[in-house]
Amino acid sequence: SNAKDEDTILLTKGIPIEGCSILATEAKNELLESGISEADISQGMRLITNPGISVVQDAEVALSAGKVSAMHDPTEGGISSGLVELANSSGLGMVIHRSSIKEIPVSKLFCPALGLDPLGLIASGALLACVPQVEEEQIMKALTQANIPTFKIGKMTKKHKEIKMIENDQLIEFPRFETDELARFLSTKK
């Protein structure tokens, strides 16, 4: 809840790690029917342990490298809900660059095949961190040196709870999801 105006928003590892891992197990047949290979599905199953869903190391490295204003583990509702919760808790807004949100490779296969939006899919395994701009370079460097890929995805703004996204050079409302995409998908399988 302590994010500040102009803080840089960092994302570690990429999205949606846990969502893709669950889909590899729970939607294996649908993925195979969509033409996704057994190898890609197996890779999705391994995500639960590699890179895994813990963000403890990500947080420890970031905190040891510099000042961190706020952190959040985007779980249910994906990165979308995680960013909304960060903005609401801090009483701020944000501008997010869609092209900077790193999707893990199998996400680019699984989500289109199943009609899911990766922004709303459970994203455990990634960490969102708000850091002062003067700290971003050293924190990103420390995370990279610890083999934790890190991406600058946007910044906090004064506009209370207003979340915007730049996509295809257009400033649009950031998408929000009433239900996690995984829950929506699984409810249609019954």
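Trainee: What makes β1 and β4 partners, and which way do they run?

Mentor: This is a predicted model, and in it four bridges join β1 to β4. Two strands pair if there are at least two bridges between them, so four is enough. β1 and β4 run antiparallel. Within this pair, leucine 11 stands opposite leucine 128 in β4.

Trainee: Where do β1 and β4 sit in the sheet?

Mentor: The order is β2-β4-β1-β5-β3-β6-β7, an open sheet of seven strands with mixed pairing.

Trainee: Why are β2 and β7 said to stand at the edges?

Mentor: Each has a single partner strand, so one side of β2 and one side of β7 (170-173) lack a neighbour in the sheet. From one strand to the next, the twist averages 25°.

Trainee: Why is α6 called largely enclosed?

Mentor: Buried means under 20% relative accessible area. 10 of the 13 residues of α6 are buried, so the rest of the structure largely encloses this helix. Among them are Gly78, Ile79, Leu83, Val84 and Leu86.

Trainee: What covers those buried residues of α6?

Mentor: The cover includes β1 (8-12), β2 (70-72), β3 (93-97), β4 (128-131), β5 (150-157) and β6 (163-167).

Trainee: And what follows α6?

Mentor: Glycine 91, with a positive phi near 70°.

Conventions:
Residues numbered from 1 in each chain as written. Predicted model: local features only at pLDDT ≥ 70, side-chain atom pairs only at ≥ 80, totals over all residues. Heavy atoms only, no water. Buried < 20%, exposed > 50% of the residue type's maximum accessible area, 1.4 Å probe, protein only. Helix = DSSP H or I, 4+ residues; strand = E, 2+ residues; numbered from the N terminus. Contact = heavy atoms within 4.5 Å. Axes fitted to C-alpha atoms, helices over the stretch in contact; angles between N-to-C directions.
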